[in-house]
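Subject: Structure for your set-up

Hello,

Please find the structure below. My notes on what was found in it come after.

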Amino acid sequence: MDDDYRIVEGPPPLDDYLRLRRDSGLTPVRPDQGAGAISGSWSACHVVAADGAPVAMGRVLGDGGWYFHIADIATDPAHQRRGLGRRVLEWLIADIRTRAPEGAYVSLIGDPPGQRLYRSLGLDDVAPSLGMAAVLR
Ligand SMILES: CC(C)(COP(=O)(O)OP(=O)(O)OC[C@H]1O[C@@H](n2cnc3c(N)ncnc32)[C@H](O)[C@@H]1OP(=O)(O)O)[C@@H](O)C(=O)NCCC(=O)NCCS
């Protein structure tokens, strides 16, 4: 990550959160869903470009004891492959190391674009377990 970028503790503003999810290709969410993401995370950070625009983000859902789930890792396509995603993940993992008791279990659902990055940071496939999910309608 070069000097044009700066990492900021906390989530981006709601509009930027919604934009980054949409523009990076993650499933878009509504403002009422995003509001919970902004206010309810155990940890979050984002990256701002030289013009002040948020261009990358990530957050952690956690119980503060042992279970920590990384979510919303996204970089604006115009700023990808410059080390921002790595920087966000390193910041979040360092925050867990600093504030959580030893033995923290860190998990995520690894979409294909991020899998090499996650592996390089020490996260492993959970096979034979499966990541499982449902969207409640
Ligand atoms: C996954 C994602 C967040 C990665 O963000 P990013 O900012 O591009 O991440 P990085 O730049 O740190 O690393 C990505 C790749 O760029 C490479 N890279 C880093 N700096 C680089 C540079 N200066 N020049 C060229 N490549 C570089 C990394 O080695 C890495 O390569 P790899 O994927 O082949 O291992 C991004 O692709 C994205 O938003 N994807 C869409 C949303 C998504 O799927 N999110 C994951 C949900 S689980």
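Conventions. This is a predicted model, in which local features need pLDDT of at least 70, side-chain atom pairs count only at pLDDT 80 or more, and totals for chains, interfaces and linings use all residues. Residues are numbered from 1 along each chain as its sequence is written, and side-chain values use heavy atoms, with hydrogens and water left out.

Helices (H or I, at least four residues) and strands (E, at least two) are DSSP runs, numbered from the N terminus. Pockets and cavities were found on a 1 Å grid over the protein atoms alone: a cavity is a set of points where a 1.4 Å probe fits but cannot get out, a pocket is an open set with protein on both sides within 12 Å along at least five of seven lines, and lining residues have an atom within 4 Å of a point. Points are joined across faces, edges and corners, and a volume is the space filled by probe spheres set on the points.

The largest pocket holds about 1500 Å³ of space. Its lining has 44 residues, and those nearest the centre are L26, I73, A74, D111 and Y118. Two or more lining residues come from each of α1 (14-24), α2 (31-39), β3 (54-62), β4 (67-75), α3 (84-99) and α4 (115-120). Strand β4 gives the most, with seven residues. By class, this lining has 20 nonpolar, 14 polar and 10 charged residues, where Ala, Val, Leu, Ile, Met, Phe, Trp, Tyr, Cys and Pro count as nonpolar, Asp, Glu, Lys and Arg as charged, and the others, Gly among them, as polar.

The second largest pocket has about 820 Å³ of space. It is lined by 30 residues, with V106, S107, L108, L123 and D124 nearest its centre. At least two lining residues each come from β4, α3, β5 (105-107) and α4. The classes here are 17 nonpolar, eight polar and five charged.

Cavity. How many cavities of 30 Å³ or more does a search of the whole structure find? There is one, and about 40 Å³ of space lies in the largest cavity. The residues lining the largest cavity are P11, P12, Y17, A37, I38, A44, C45, M57, G58, R59 and D72. Of the elements, β3 gives the most to this lining, with three residues, and α2, β2 and β3 each supply at least two. Eight of the lining residues are nonpolar, one is polar and two are charged.

Cores. In soluble globular proteins, nonpolar side chains tend to be buried together. A nonpolar core here is a set of buried Ala, Val, Leu, Ile, Met, Phe, Trp, Tyr and Cys residues joined through side-chain atoms within 4.5 Å; buried means under 20% relative accessible area, exposed over 50%, and partly exposed in between (1.4 Å probe, protein chains only). The largest such core has 22 residues, of which V47, V60, I70, I73, V88 and L92 touch the most other members. Elements giving two or more residues to this core are β2, β3, β4 and α3, and α3 has the largest share, seven residues. A second, separate core of six residues includes Y17, A37, M57 and A74.

Contact means heavy atoms within 4.5 Å. Leaving out residues up to four places away in sequence, V60 touches S41, W42, S43, F68, H69, I70, L92 and I96.

Helix α3. This helix has 16 residues and reaches 23 Å from its first C-alpha to its last, close to the 22 Å expected at 1.5 Å a residue; the expected span is 1.5 Å times one less than the number of residues. Buried in α3 are L84, G85, V88, L89, W91, L92, I93, D95 and I96. Their cover includes β1 (6-9), β2 (43-48), β3, β4, β5 and α4.

Backbone. Most residues other than glycine have a negative phi, and most peptide bonds are trans. D72, in strand β4, has a positive phi of about 55° and is buried at 7% relative accessibility. R81, in the loop between β4 and α3, has a positive phi of about 60° but is exposed, at 86%. A cis peptide bond with omega of about 10° joins A127 and P128; P128 is in the segment after α4.

Regards
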